[in-house]
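Colleague: Please take one residue of this chain and go through its surroundings closely. Start from the chain as a whole, and give the cut-offs as you go.

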Amino acid sequence: MERQTATIRKVTPGCGAEVLGVDLANPGNSGMETIRAAYRDHGVIFFRDQTLTPEEHIAFARRLGEIEINKFFPANGEYPEIAEVRKEKEQKVNIGGGWHTDHSYDAAPAMGSILVARELPETGGDTLFADMYKAYEGLSDGLKKTLEGLKAVHSNAHVFGAAGAYKSSDQASGFKGENMVGEAVHPVVITHPLSGRKALYVNAAFTTHFEGWTWAESKPLLDYLYAHAVSPEFTCRFEWREGSVAFWDNRATWHFAVNDYHGEKRLMHRITIGGVALQ
Ligand code: SIN
């Protein structure tokens, strides 16, 4: 049986929306239509009071596209499709604790990620999101024109490689694939494959430099873009509760897992869905 008609409520004027009245374990065709439209229009969408089992999480993801198994993240032993975003109470470093978008180092970056809360700290552990359509639209015409001629290199060796950030941290034992690192080149401004809108596509975690520029030449402009893109009016903050789910578009948003709950455990299940090469 389908639940009542799903509705969409914006979280902030600039970023994110909540989808109400849909059961992700049994969304029905009209629920899926609302979810797809909300995802296309808002970039990141949130759901409350869900009861998704891991099997239902996987089934929901499969209705949205092909599941992409993460090469690096700690895997859930029972369900290889599910990556674990885990911080034990003894650990200091969290996963995703900086502005980024998932898998931008791949030639066809992931379309989206569906994150389900499994164990939460009493307070804290929120996730911040930033809207890359708004970030692009907020630039001057002059800078937009400059960026439209540029491509950027996205790499993951410094994050997931043998000498990378996670392998040098207290998260090291969970991470794998350090010999599977690589890089890709994407336009700095993309035309989003679903919405047709222009979005800024660089991020602080994985973009290393503009193609044909040195790292030193690239840094000042990249730093400007990173600061601009997280202007408060382009961002929102999601406070997790039991039963919360977030589904974000990696081509239209960035996210940042806030690491403010030392001494408590946080466990999230993430499934990532494959995407297409970006133009
Ligand atoms: C991630 O970066 O995918 C994880 C986000 C979070 O745990 O809030």
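Modeller: The protein chain exposes about 12,100 Å², and carbon and sulfur atoms supply 52% of that area (Shrake-Rupley method with a 1.4 Å probe; for residues, only the protein chains shown count as cover). This is a predicted model, in which local features need pLDDT of at least 70 and side-chain atom pairs count only at pLDDT 80 or more, while totals for chains, interfaces and linings use all residues. Residues are numbered from 1 along each chain as its sequence is written, and side-chain values use heavy atoms, with hydrogens and water left out.

Of the 279 residues in the protein chain, 55% are buried (under 20% relative accessible area, with a 1.4 Å probe and protein chains only). The protein chain has six helices and 16 strands (DSSP runs numbered from the N terminus: H or I of at least four residues for helices, E of at least two for strands).

His269 is buried, at a relative accessible area of 6%. Beyond the neighbours within four places in sequence, His269 has contacts with His57, Asn76, Ile82, Ala83, Glu84, Ile114, Leu115, Val116 and Arg118 (contact means heavy atoms within 4.5 Å). Ala83 lies 186 residues away along the chain, yet its C-alpha atom is 5.9 Å from that of His269.

Two of these partners also meet the His269 side chain through polar contacts (N or O atoms within 3.5 Å; within protein, one must be able to donate a hydrogen and the other to accept it, and residues adjacent in sequence count only if both atoms are side-chain atoms). The side chain of Arg118 is at 3.1 Å, and that of Asn76 at 3.4 Å.

Notes
Buried means under 20% relative accessible area, exposed over 50%, partly exposed in between (1.4 Å probe, protein chains only).
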